[in-house]
Amino acid sequence: ARLFPDQAAAWLRAASAYMRAGDLEPALAAYRKVIEIDPTDSSTHSVFLYARLMDDRETYTGLLAAHREWATRHCLPLDCHRAYPNFPDPDRRLRIGILSGEFCAGSGNSFLPPILRHHSTENFELHAYSTYPQPAAESNPYPPLFDHWREVADLTDEETDAVIRSDEIDILLDISGHLPYRRLTVYSRKPAPVQISYPRYPSTTGLEAIGYRLTDAWADPVGKTEDHYCEKLIRLPGGYLAYEPPDSAPP
């Protein structure tokens, strides 16, 4: 970065190296430099937000403002007048879509599959939109857990929005937040009438288009954390986590 002070890629490599070394302050400074050089880099800006969550000098007010600023800079203005083709039949199954880069090996495998495996097939139809850059292998456990599976990593935001709308999704669930392979810019288009954040990402998304966030009274005590998020909190009874240990874990 010292040799090429005007190259965003050099500063990004420096930031990544500092993060791997656990040296947070110079990492944050390097991320700020990347964003200063290229204000349109939404991906690095997301990584910067995630890194800021580890800074004990941060405040919840500051983090909420920073996430809102990301949305203002990188997302389309929320269109409150979009029409949806979904037929409002109360007797049909609700179509639940999950747009995520989490459908791969990782810590999420201990939490998401149990929820998918035990959902009500009578009341809900599950659609997956995988943003992971590689197609699902035959050994991937996720595709069989969904009624419909789509790979959208190579689609533009506009194309992904069109696919979700054509599937007439009723509720679109975000799993990734500002974590890798995120596609929050798709959510800003609001391809589904109801959009919800599942708290794999430990902060607000910053998007007004995502109306709700699943949580519980332990992660978000009543009356104490509502102003930390732009989403409305939905506290699930008994906790929002459904932990399943890996097969290799001892008894």
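This is a predicted model: local features need pLDDT of at least 70, side-chain atom pairs count only at pLDDT 80 or more; totals for chains, interfaces and linings use all residues.
In strand β5, I196 is the bridge partner of L173.

Now widen the view. β4 and β5 are part of an open sheet of seven strands. Read across the sheet, the order is β3-β2-β1-β4-β5-β6-β7, and the pairing is parallel. Two strands sit at the edges: β3 (148-151) and β7 (232-235). Each of these pairs on one side only. From one strand to the next, the twist averages 25°.

Next come the helices. Start with α6, which covers residues 157-166. Its buried residues are T160, D161, V163, I164 and R165. What lies over them? The cover includes the strands β1, β2, β3 and β4, together with helix α7.

Just after α6 comes E168, with a positive phi of about 55°. E168 is a residue other than glycine. Its place is the loop between α6 and β4. E168 has a relative accessible area of 26%, so it counts as partly exposed. K190 also has a positive phi, near 50°, and is again a residue other than glycine. Look for K190 in the loop between α7 and β5. K190 is partly exposed, because its relative accessible area is 22%.

Helix α3 spans residues 42-52. Its buried residues are T44, H45, S46, F48, L49, A51 and R52. Here the cover includes other helices: α1 (8-20), α2 (24-37) and α4 (60-74). The N-terminal end of α3 has a cap, and the residue that supplies it is D41. A side-chain oxygen of D41 lies 3.3 Å from the backbone nitrogen of S43.

Turn to the aromatic rings. A pair of rings is described by two things: the distance of the centres and the angle of the planes. The structure holds eight aromatic pairs. One of them joins F103 and W149. Their ring centres are 5.4 Å apart and their planes meet at 55°, so this pair is tilted. F103 and W149 are 46 residues apart, and the pair links distant parts of the chain. F103 is in the loop between β1 (94-100) and α5 (112-117), while W149 is in strand β3. Are these two residues buried or partly exposed? F103 is buried, because its relative accessible area is 2%. W149 is partly exposed, at 24%.

Another aromatic pair is formed by Y132 and Y181. This pair is edge-to-face, with 5.1 Å from centre to centre and 80° between the planes. Y132 lies in the loop between β2 (124-130) and β3, and Y181 in the loop between β4 and α7 (184-187), so the pair ties together parts 49 residues apart in sequence. Y132 has a relative accessible area of 22% and is partly exposed. Y181 also counts as partly exposed, at 39%.

Y229 deserves a stop of its own. Y229 lies in the loop between β6 (212-215) and β7. Its relative accessibility is 13%, so Y229 counts as buried. Which residues does Y229 touch, leaving out those up to four places away in sequence? They are L64, S203, T204, R213 and D220. With D220 there is a polar contact, side chain to side chain, at 2.8 Å. Y229 can also be compared with I210: the two are 19 residues apart in sequence, and their C-alpha atoms are 11 Å apart in space.

Last, the cysteines. A disulfide is a covalent bond between the sulfur atoms of two cysteines. How many disulfides does a search of the whole structure find? The count is zero. C230 shows the spacing: the nearest cysteine sulfur, that of C75, is 10 Å away. C230 is buried, because its relative accessibility is 15%. C104 counts as buried too, at 17%.

Key
Residues are numbered from 1 along each chain as its sequence is written. Side-chain values use heavy atoms; hydrogens and water are left out. Two strands pair if DSSP finds at least two bridges between them. Helices (H or I, at least four residues) and strands (E, at least two) are DSSP runs, numbered from the N terminus. Axes are lines fitted to C-alpha atoms, for helices over the stretch in contact, and angles run from 0 to 180 degrees between N-to-C directions. Buried means under 20% relative accessible area, exposed over 50%, partly exposed in between (1.4 Å probe, protein chains only). Contact means heavy atoms within 4.5 Å. A polar contact is a pair of N or O atoms within 3.5 Å; within protein, one must be able to donate a hydrogen and the other to accept it, and residues adjacent in sequence count only if both atoms are side-chain atoms. Rings of Phe, Tyr and Trp (its six-membered ring) pair if their centres lie within 6.5 Å; planes under 30 degrees apart count as stacked, over 60 as edge-to-face and the rest as tilted. A disulfide is a pair of cysteine sulfur atoms within 2.5 Å.
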